[in-house]
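Subject: Structure handover

Hello,

Here is the structure I promised to pass on. Please open it first, then read the notes below.

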Amino acid sequence: MKRILKILLAIILLGMAVAYYLYQKPTELLTSGNADFTYTIEELEAIGATESDTTFNQTHVGKKVELIGEARAKNIQSSGATIFFETENENIIVAAAFDGSLNNDLQEIELGSNLEILCICNGIAKPEDPDDLLSETTISFNRCSILNDSYKK
Amino acid sequence: MKKYSILMVMALIFAIGHSFGQTFKTSTGEISFVSKTDFETFEAVNNQVTAAYSNGKVQFRVPINSFIFEKKLMQTHFQENYMESSKYPNGSFKGVIVTPEDFKLSSKEQTVTVKGTFNIHGVEKEAEVSGTVQNTKDGVKLTANFGINLNDYEIGVPSNLMTKISQVIDVKVNAILTEK
C-alpha cells in the first residue's frame, strides 16, 4: 500500500513538473522546421489578389510559409524589425516581422537583394469598403528567420 | 496684376486642398496590452499595426497573431481559444476625431477624442477613445490608451482562469505615420 502511494506521489510530482515546464516554456521567436507553403512574392501576390480573405486566412494563418523575394524597404527598431517585399501591385503590401535579436543581420540587408525567409503567416487584410483610408491589401508574417545569406552587403 | 491675383488664388486653393487631402500611413505601428489580476500579470506586444490618418479620420488594423507573449502557452491560448485568430485574423478601429471640434494638425501635442467602431473577434462595437495627435518631424504621431472589456467582444475565458485574466484589458497604441 505504501509503495502504491509512493508511485502515485511520484506520478503527481512528475505531472506537476511537466505542467510547470509547459506553462513556463517561452514563445519561439524564430520559425524553424519545414514550410507548409513556399511562395515567391509574385505567387503570393497572385493568391492574395484572387482568393477571398476568408479562404486565404483559413488556409494560411498560423502556418509556416517560406517566402522568396526582393527586399524593398526595412524598418528596424530595438523591439524588432519589419522587411517589406517588392510587389508588382503597389496596393499589395507584404510585411515580414523579425525578432529584435536579428537586428544586426537585418542591418546588413541591402535593399533590392533577394531574400529567402521562413515565417508564420498572420493573414491577409483587405480594405473593408471603398472609403477605407487603409486602401491597401496587407499580407503579414512574423517570427521570421532568414534562410539565405546572399543578401549581405 | 490681375494675372498674379488669379495665380495667388489658385495657389491658395491648391495649398488648402493639399493639406485637407493629406493621408498619413504606417505598417509598423505598435500596440500592446496588459492584463493584471492579483494572481497574474501578463502582457503582449505587436509591431505590425497598419494605421492611417486623413483630415480628422483615423483607421487602425491589427493582425491578431502578431501579438508576441513571453510564454508560448499563453500565446497559443490567446490565438486559438480566446481570439480564434484563424477565424478572425484581424482587429480594427475606424473613427473620426470629434473633440476638439475644429481639430487641425499641429506640431503641438493635442488631446483628442475619437468616435468610431471597433471590430474585434468578429464583433462590432461603437466606442469613444481618448488619445493624442502630434505632427512631428518624423510624421504624425498617434497615441491612445483605452480598456477593452472582453465581454463586449464575446471573448470567453474559462471559469478556472477568471482569476488569472483580467476582464478589462489595458491597451496602448503608439504609431508614427508618414505622408503617402
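**Cavities and pockets**

The second largest cavity is lined by A:Lys126, A:Glu128, A:Asp132, B:Gln59, B:Phe60, B:Arg61 and B:Ser92. On a 1 Å grid over the protein atoms alone, a cavity is a set of points where a 1.4 Å probe fits but cannot get out, and lining residues have an atom within 4 Å of a point. This cavity holds about 30 Å³ of space. Grid points are joined across faces, edges and corners, and a volume is the space filled by probe spheres set on the points.

The model is predicted: local features need pLDDT of at least 70, side-chain atom pairs count only at pLDDT 80 or more, and totals for chains, interfaces and linings use all residues. Residues are numbered from 1 along each chain as its sequence is written, chains are lettered from A and ligands numbered from 1 in the order in which they are written, and side-chain values use heavy atoms, with hydrogens and water left out.

Back to the second largest cavity. Its lining has 4 charged, 2 polar and 1 nonpolar residues. Nonpolar covers Ala, Val, Leu, Ile, Met, Phe, Trp, Tyr, Cys and Pro; charged covers Asp, Glu, Lys and Arg; the others, Gly among them, are polar. The largest share, 3 residues, comes from β3(B). Strands are DSSP runs (E, at least two residues), as are helices (H or I, at least four), numbered from the N terminus.

**B:Arg61**

B:Arg61 sits in strand β3 of chain B. Which side chain of opposite charge is nearest to B:Arg61? A:Asp132, 4.7 Å away. B:Arg61 is buried and has no salt bridge. Buried means under 20% relative accessible area, exposed over 50%, partly exposed in between (1.4 Å probe, protein chains only). A salt bridge is a side-chain nitrogen of Lys or Arg within 4 Å of a carboxyl oxygen of Asp or Glu. For charge, Lys and Arg count as positive and Asp and Glu as negative; His and the chain ends are not counted. The side chain of B:Arg61 does reach the backbone oxygen of A:Leu134, at 3.2 Å. A polar atom of that side chain also lies 3.5 Å from the backbone oxygen of A:Ala125.

**The largest cavity**

The whole structure has 2 cavities of 30 Å³ or more. The largest contains about 90 Å³ of space. It is lined by 13 residues, and the closest to its centre are A:Thr138, A:Ser140, B:Gln48, B:Thr50 and B:Pro63. β5(A) gives the largest share of this lining, 4 residues. By class, the lining of the largest cavity has 8 polar, 4 nonpolar and 1 charged.

**The pockets**

A pocket is an open set of points with protein on both sides within 12 Å along at least five of seven lines. The lining of the largest pocket counts 35 nonpolar, 8 polar and 2 charged residues.

The second largest pocket has a volume of about 640 Å³. Of its 29 lining residues, A:Phe84, B:Lys25, B:Thr26, B:Ser27 and B:Lys180 are the closest to its centre. The largest share, 6 residues, comes from β1(B). This lining has 12 polar, 9 charged and 8 nonpolar residues.

Best wishes

Terms used
A polar contact is a pair of N or O atoms within 3.5 Å; within protein, one must be able to donate a hydrogen and the other to accept it, and residues adjacent in sequence count only if both atoms are side-chain atoms.
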